[in-house]
Amino acid sequence: MLNIKIINHSTHLLPAYETEHAAGMDLRAFLNEAITIKPLQRILIPTGLHIELPVGYEAQIRPRSGLAFKHGIGIVNSPGTIDADYRGEIKVLLVNLSDTDFVVNDGERIAQMVVAKHETVNWQPATELGDTQRGAGGYGHTGK
Ligand SMILES: O=c1ccn([C@H]2C[C@H](O)[C@@H](COP(=O)(O)OP(=O)(O)OP(=O)(O)O)O2)c(=O)[nH]1
Ligand SMILES: [Mg+2]
């Protein structure tokens, strides 16, 4: 169980898993009035949510594939990162990659949030790194 603070609790739903084994909880827009996102415009959409993640956890803000496929709606900084020490409002940076306006209404599901464990590492400066078969190969060096 995680602490969650919801602005205007009475009118807002908790983020929820929409199916039994979903990885992502859908996030809803928290708006006084509808917002129109013009083609190629990016807009920070409030969710009304503040959360308290345990240390060692992060939340990833990911696009919904349905909005992406049907309306060209993506997230500019996808996946957005919510740090465990963040206490501000979670916001979603939507971008409209279609050629028509897209309207976001209050309460609509605009993104999904995956809560995940992460490692925290320390660096040990080294002059040599362990050998691998790949070495520095990348960017398609194995072919198409
Ligand atoms: O899609 C996002 C991404 C981030 N955040 C919040 C939570 C996160 O912990 C904080 C900072 O995000 P990030 O580290 O990605 O941004 P930054 O540009 O590095 O800002 P900062 O210098 O505040 O870390 O902003 C959101 O609400 N939505
Ligand atoms: Mg940062």
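Modeller: Let us start with burial: a residue counts as buried if 20 or more other C-beta atoms, placed from the backbone, lie within 10 Å of its own, as exposed if 12 or fewer do, and as partly exposed in between. This is a predicted model, in which local features need pLDDT of at least 70 and side-chain atom pairs count only at pLDDT 80 or more, whereas totals for chains, interfaces and linings use all residues. Residues are numbered from 1 along each chain as its sequence is written, while chains are lettered from A and ligands numbered from 1 in the order in which they are written.

Biologist: Is Thr-47 then buried or exposed?

Modeller: Thr-47 counts as buried, because 23 C-beta neighbours lie inside 10 Å. Thr-47 sits in the loop between strand 5 (42–46) and strand 6 (49–52), where strands are DSSP runs of E with at least two residues, numbered from the N terminus.

Biologist: Which residues is Thr-47 in contact with, leaving aside its neighbours within four places in sequence?

Modeller: Two residues are in contact if their C-beta atoms lie within 7 Å. With the neighbours within four places in sequence left aside, Thr-47 is in contact with Leu-27, Arg-28, Ala-29 and Phe-30, and also with Glu-89, Ile-90, Lys-91 and Val-92. The C-alpha atom of Thr-47 is also separated by 8.7 Å from that of Gly-107, although these residues are 60 apart along the chain.

Biologist: Which residues surround ligand 1?

Modeller: A residue is placed around a molecule if its C-beta atom lies within 6 Å of it. Ligand 1 is surrounded by Ile-61, Asn-77, Gly-80, Thr-81, Ile-82, Asp-83, Tyr-86, Ile-90, Lys-91, Val-92 and Leu-93. Strand 9 (80–82) and strand 10 (91–96) each give this shell at least two residues. Sorted by class, the shell has six nonpolar, three polar and two charged residues; here Ala, Val, Leu, Ile, Met, Phe, Trp, Tyr, Cys and Pro are nonpolar, Asp, Glu, Lys and Arg are charged, and the others, Gly among them, are polar.

Biologist: What does UniProt list as "binding site"?

Modeller: UniProt annotations may be inferred rather than shown by experiment, and this list comes from an unreviewed entry, which names Arg-64, Ser-65, Gly-66, Asn-77, Thr-81, Ile-82 and Asp-83. These positions span 20 residues in sequence and their farthest two C-alpha atoms are 26.4 Å apart, so they do not all gather at one spot.

Biologist: Where is Asn-77 found, and is Asp-83 buried or exposed?

Modeller: Asn-77 is found in the loop between strand 8 (73–75) and strand 9, and is exposed because 11 other C-beta atoms lie within 10 Å. Asp-83 lies in the loop between strand 9 and strand 10, and with 11 C-beta neighbours inside 10 Å, Asp-83 also counts as exposed.

Biologist: What kind of peptide bond joins Ser-78 and Pro-79?

Modeller: Omega is the angle to read here, and at about -10 degrees the bond joining Ser-78 and Pro-79 is cis. Pro-79 is placed in the loop between strand 8 and strand 9.

Biologist: What is the phi of Leu-40, and what is that of Tyr-139?

Modeller: Leu-40 has a positive phi of about 65 degrees although Leu-40 is not a glycine, and Tyr-139, a residue other than glycine, has a positive phi near 55 degrees. Leu-40 belongs to the loop between strand 4 (35–37) and strand 5 and is exposed, with 11 other C-beta atoms within 10 Å. Tyr-139 lies in the segment after strand 12, and is exposed with 5 other C-beta atoms within 10 Å.

How values were computed
Helices (H or I, at least four residues) and strands (E, at least two) are DSSP runs, numbered from the N terminus.
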